[in-house]
Amino acid sequence: MVVSVFRHRVVCMSEFQTLASIAADVASGRTTARAVLDTHLARIDARETEVHAFNLVMREQATAAADAVDAAVKKGDAPGRLAGVPIALKDNMCTRGVDTTCSSKILAGWKPPYNATVVDRLAAEGAVFVGKTNLDEFAMGSSTENSAFGATRNPLDISRVPGGSSGGSAAAVAAGFSAGSLGSDTGGSIRQPAALCGLVGVKPTYGLVSRYGLVAFASSLDQIGPFTHTVEDAAILTEVIAGHDPMDSTSIPQPAPDLVAELARGVKGLRVGRVTDLPEGADADVLQRLDAAFDALAAAGATIVDVTLPSLSFALTAYYLIAPAEASSNLARYDGVRYGVRVPAGDINTMYADTREAGFGDEVKRRIMLGTYALSAGYYDAYYGKALKVRRLIADDFARAYSTADVVLTPTSPTVAFPFGSKTDNPLAMYLCDIFTIPTNLAGHPAMSVPFGTGRDGLPVGVQVLAPTLGEATMFRVAAELERAS
C-alpha cells in the first residue's frame with residue numbers, strides 16, 4: 001500500500017508546476033495569479049484535513065495579493081520574479097497582523113506588528129502567501145509531532161511523518177498546496193523534512209539570509225531557507241531572500257549570490273568529498289543511494305576524494321548542549337507579561353510558573369531544562385564550555401576537508417520517513433534523526449538536500465550536499481547535476 005501511494009505521487013508530479021514556470025506564465029499573461037491561487041486552494045480543500053500542513057490558511061490575504069499581481073500585469077508593470085507564485089511560510093516567521101504561533105499555546109492570539117525580512121522580500125517579488133505552516137513547537141523536533149495543534153502527515157504516505165521541525169512547510173509543497181515554502185533550519189529542520197518528502201531543501205550559509213522576524217530557537221544556529229520541487233526553484237527563492245539586512249546584526253554585508261546561472265555548468269573538474277569516517281546509523285538503502293550519487297557525479301566528470309571528519313561523532317552531543325542553552329535564554333521572554341497566554345495567579349512568580357507550565361509542551365520544557373542546567377553555576381565549564389570547544393573542532397575538521405574537496409556528500413536523513421509514534425517515546429532516537437545535518441549548523445556552512453531515488457517501501461531518499469562558507473554556487477552546481485542524474 002505504501003509503495004502504491006508513493007507511485008501515485010510520482011505520477012502526479014507533472015501536475016505541480018515549478019515556481020519558475022508559474023511566474024513566467026503569470027507575467028506573460030498566459031494565466032492569472034488568481035487562477036493559479038484557485039488551483040492551489042482547491043488542493044488544500046481536498047487534502048488539508050488529512051495532511052494538516054497549515055496552522056492558518058490565508059485565503060483573504062492571498063486573494064488580495066493575487067489580484068494585485070494581476071492588476072500589475074494588466075497595467076504593464078513588472079510583477080516580480082515570483083509573480084503569482086503561491087508560497088507557504090513556517091509559522092515562526094513574523095507576518096504583520098497575522099497570527100504567528102510557533103505551534104505553541106503560549107503565543108496564542110499574538111499578531112506581530114511587523115513582517116520578517118524574508119516575508120517582505122518575497123512579497124516585493126510578487127509572491128502570494130497561502131498560509132502559515134505547522135511545525136514542532138518552537139522548531140524543536142524532527143517529526144512535526146510536537147505541535148500544540150496536532151501532527152502534520154507526510155503527503156506521500158499519511159501513516160508516516162514528514163520530518164521536522166519544518167514538516168508543515170515540506171508537506172505543503174509535497175502535496176501541491178504551494179509551489180514553494182520557507183522553513184527554518186537549526187539542526188536539520190529544512191533538509192531532513194525535504195529528504196523525507198522528496199523535495200529540495202536548502203540551509204544557506206549562516207548570515208546569508210536575514211533572521212530578522214524569525215522567532216528565535218538557537219540564535220547562533222537558526223537559518224531560513226526554501227523547500228521546492230526543483231533545484232532551479234530553490235536557487236530562485238534563495239536569491240530572492242538572501243542578501244544583507246541592516247536589521248540583522250549577523251547578516252553578511254554582501255549582496256545575494258547569483259545561483260541560477262551556475263546550474264548548467266556541470267561538475268567537471270570539481271572535487272567531491274566522500275567521508276570515510278561517517279558516523280554510523282544510516283540504513284543500507286540510504287547508503288546505497290549515496291553510493292549511486294557518487295557514481296553519477298564521477299560519470300559527469302567530478303573527482304571523488306576521500307576526506308575525514310573525526311569530530312562529527314561528537315556533533316550531536318555538542319548540539320544538544322548548545323541549542324538548548326540558547327533556547328533557555330531565548331524562551332525566557334515568554335512569561336505571560338508582554339504577549340501571548342497569561343495564567344492568572346496570586347503573585348507574579350506563581351503567574352510566571354503557571355503560564356509557562358500551561359503554555360509550553362513537553363519537548364520545549366525538556367530542552368529549557370537541559371539548557372538551564374548546562375548554563376548553571378558549576379556546570380557551565382563542564383558542559384556548555386566544552387560543547388563550544390567541540391564546535392570549534394568541527395569547524396576545523398571541515399576546513400581541512402574543504403582544502404581537498406569543493407563539496408562533501410553525506411546522507412541527509414539516516415532513514416526514509418518513519419511511522420507516526422515510532423520514536424516519540426525515545427527522545428534520543430528522535431535526536432539521532434539529525435545526526436548528518438547538525439554538523440553543518442554548528443559550522444555555519446551551507447548544505448542542501450536533493451532527492452535521489454527511493455529506498456525502503458518506495459519512499460524518497462535525500463542526498464546532502466555540503467559546502468564551505470558562502471559556497472552556495474558550487475553547492476547548487478552539484479545539486480543540479482544530481483537532479484539531472486536522478
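**View A. The buried side of helix 2.** In helix 2 (residues 19-28), L19, I22, A23, D25 and V26 are the buried residues, where buried means under 20% relative accessible area, exposed means over 50% and partly exposed lies in between (1.4 Å probe, protein chains only). Looking down the axis of helix 2, you'd find these buried residues within an arc of 165°, so they line one face of the helix; the arc is taken from the directions from the helix axis to the C-beta atoms. Helices (H or I, at least four residues) and strands (E, at least two) are DSSP runs, numbered from the N terminus. The cover over the buried residues includes helix 3, helix 4 (59-75), strand 2, strand 6 (224-228) and helix 8 (231-241). Just past helix 2 comes G29, with a positive phi of about 85°.

A quick note before the next views: this is a predicted model, so local features need pLDDT of at least 70 and side-chain atom pairs count only at pLDDT 80 or more, while totals for chains, interfaces and linings use all residues. Residues are numbered from 1 along each chain as its sequence is written, and side-chain values use heavy atoms, with hydrogens and water left out.

**View B. Strand 5 and its two partners.** Strand 5 (residues 200-203) sends V200 and V202 one way and G201 and K203 the other way, and all are buried. With strand 6, strand 5 pairs in the antiparallel sense over two bridges; strands count as paired if DSSP finds at least two bridges between them. Here G201 stands opposite F227 of strand 6. Strand 5 also pairs with strand 10 (residues 447-454), again antiparallel, over three bridges. On that side, V202 has M448 as its bridge partner.

View C. D38 and R34 form a salt bridge, with their closest N and O atoms 3.9 Å apart; the term means a side-chain nitrogen of Lys or Arg within 4 Å of a carboxyl oxygen of Asp or Glu. The two are four residues apart in helix 3 (residues 33-51), so about one helical turn separates D38 from R34. D38 is partly exposed at 41% relative accessible area, and R34 is partly exposed too, at 34%.

View D. D397 and R400 meet in a salt bridge at 2.4 Å, N to O. They are three residues apart in helix 13 (residues 380-401), so they are separated by about one helical turn. D397 counts as buried at 5% relative accessibility, whereas R400 counts as exposed at 52%. Elsewhere, salt bridges that share partners join R34, D38 and D67 into one network.

View E. K111 and D99 bring their side chains together in a salt bridge of 2.8 Å, N to O. Both sit in the loop between strand 2 (86-90) and helix 5 (117-124), twelve residues apart. K111 is partly exposed at 47% relative accessibility, and D99 is partly exposed at 27%. The whole structure holds 24 salt bridges.

**View F. Charges over rings.** The charged end of R274 sits over the ring of F294, 4.1 Å from its centre. Likewise, the charged end of K423 sits over the ring of F418, 4.9 Å from its centre. To count, NZ of Lys or CZ of Arg must be within 6 Å of the ring centre and within 35 degrees of the ring normal.

Note on methods
Contact = heavy atoms within 4.5 Å.
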